[in-house]
Amino acid sequence: MDYLLAPIFWLLGLLLSIIWWIFTQLLWIVLWLLLPIAVVAFIALRVAERVLGPERVRAWVKARSQKYGAAASKRIRRLAFALGVLPLRVLFWFPIYAIWHSVVSLLWRPKWTPWQRAWAKRWRAEAKVR
């Protein structure tokens, strides 16, 4: 039985190591891209508080955060409702389809572009009218 399961465990281990590598790479990318932006934003906030006054800057930040927070909350509510009414089969197959679609999109590109196709249809439709 060990010999039958060994390739399966090897493939599972390989898959998990690839997923772990992608996760760590994304973590480091986020760290090195977002951390400097966060430091600069913090320094800019402190400078703005010194120049304009803390109440004015905090009111501006509060207004922006409420605006973006309300928009994000509305999107999350819609998404949660849409996912909540889906059957369990769809919720199960959706991540598998998403992974499959991304792999196919990475490996295969169509020979036509949507722009070329739309342009070609436009001229064909005009030729039929005459």
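The numbered points below go through a predicted model of a single chain, from its confidence and overall make-up to particular side chains.

1. Basis of the note. Residues are counted from 1 along each chain as its sequence is written, and side-chain values rest on heavy atoms, with hydrogens and water left out. As the model is predicted, local features need pLDDT of at least 70 and side-chain atom pairs count only at pLDDT 80 or more, while totals for chains, interfaces and linings use all residues.

2. Confidence. The chain has a mean pLDDT of 85, and 85% of its residues reach 70 or more; pLDDT is the predictor's confidence in each residue, on a scale from 0 to 100. Confidence is highest in helix α1, at a mean of 91, and lowest in helix α4 (residues 114-129), at a mean of 63. Where pLDDT is low, the predicted coordinates should not be read in detail.

3. Secondary structure. The chain has four helices and zero strands, and its pattern along the sequence reads α-α-α-α. Helices (H or I, at least four residues) and strands (E, at least two) are DSSP runs, numbered from the N terminus. Helix α1 spans residues 2-52.

4. Exposure of the chain. Of the 130 residues, 3% count as buried, where buried means under 20% relative accessible area, exposed means over 50%, and partly exposed lies in between (1.4 Å probe, protein chains only). The chain exposes about 12,700 Å², and carbon and sulfur atoms supply 74% of that area. These accessible areas come from the Shrake-Rupley method with a 1.4 Å probe, and for residues only the protein chains shown count as cover.

5. A nonpolar surface patch. Trp10, Leu11, Leu14, Ile18, Trp21, Ile22, Leu26, Ile29, Val30, Leu33, Leu34 and Ile37 make a nonpolar surface patch of about 1,200 Å². Patches are made of residues with over 30% relative accessible area and no salt bridge, with like charges joined within 9 Å and nonpolar side chains (Val, Leu, Ile, Met, Phe, Trp, Tyr) within 5 Å. One of the patch residues, Leu33, lies in helix α1 and is exposed, with a relative accessible area of 54%.

6. Aromatic pairs. Across the whole structure, a search finds two aromatic pairs. Trp20 and Phe23 form a tilted pair, at 5.5 Å centre to centre and with 35 degrees between the planes. Rings of Phe, Tyr and Trp (its six-membered ring) pair if their centres lie within 6.5 Å, and planes under 30 degrees apart count as stacked, over 60 as edge-to-face and the rest as tilted. Both Trp20 and Phe23 lie in helix α1, three residues apart, or about one turn of the helix. Trp20 counts as exposed, at 56% relative accessibility, whereas Phe23 is partly exposed, at 45%. Phe92 and Trp93 form an edge-to-face pair, at 5.2 Å centre to centre and with 80 degrees between the planes, and both of these residues are exposed.

7. Salt bridges around Glu49. Which residue forms a salt bridge with Glu49, with the closest N and O atoms 2.7 Å apart? The partner is Arg46, and because Glu49 and Arg46 are three residues apart in helix α1, about one helical turn separates them. A salt bridge is a side-chain nitrogen of Lys or Arg within 4 Å of a carboxyl oxygen of Asp or Glu, and a search of the whole structure finds two of them. The side chains of Arg58 and Glu49 also meet in a salt bridge, at 3.5 Å from N to O. Through shared partners, salt bridges join Arg46, Glu49 and Arg58 into one network.

8. Glu49 is buried, with a relative accessible area of 12%, while Arg46 is partly exposed at 38% and Arg58 counts as exposed at 52% relative accessibility.
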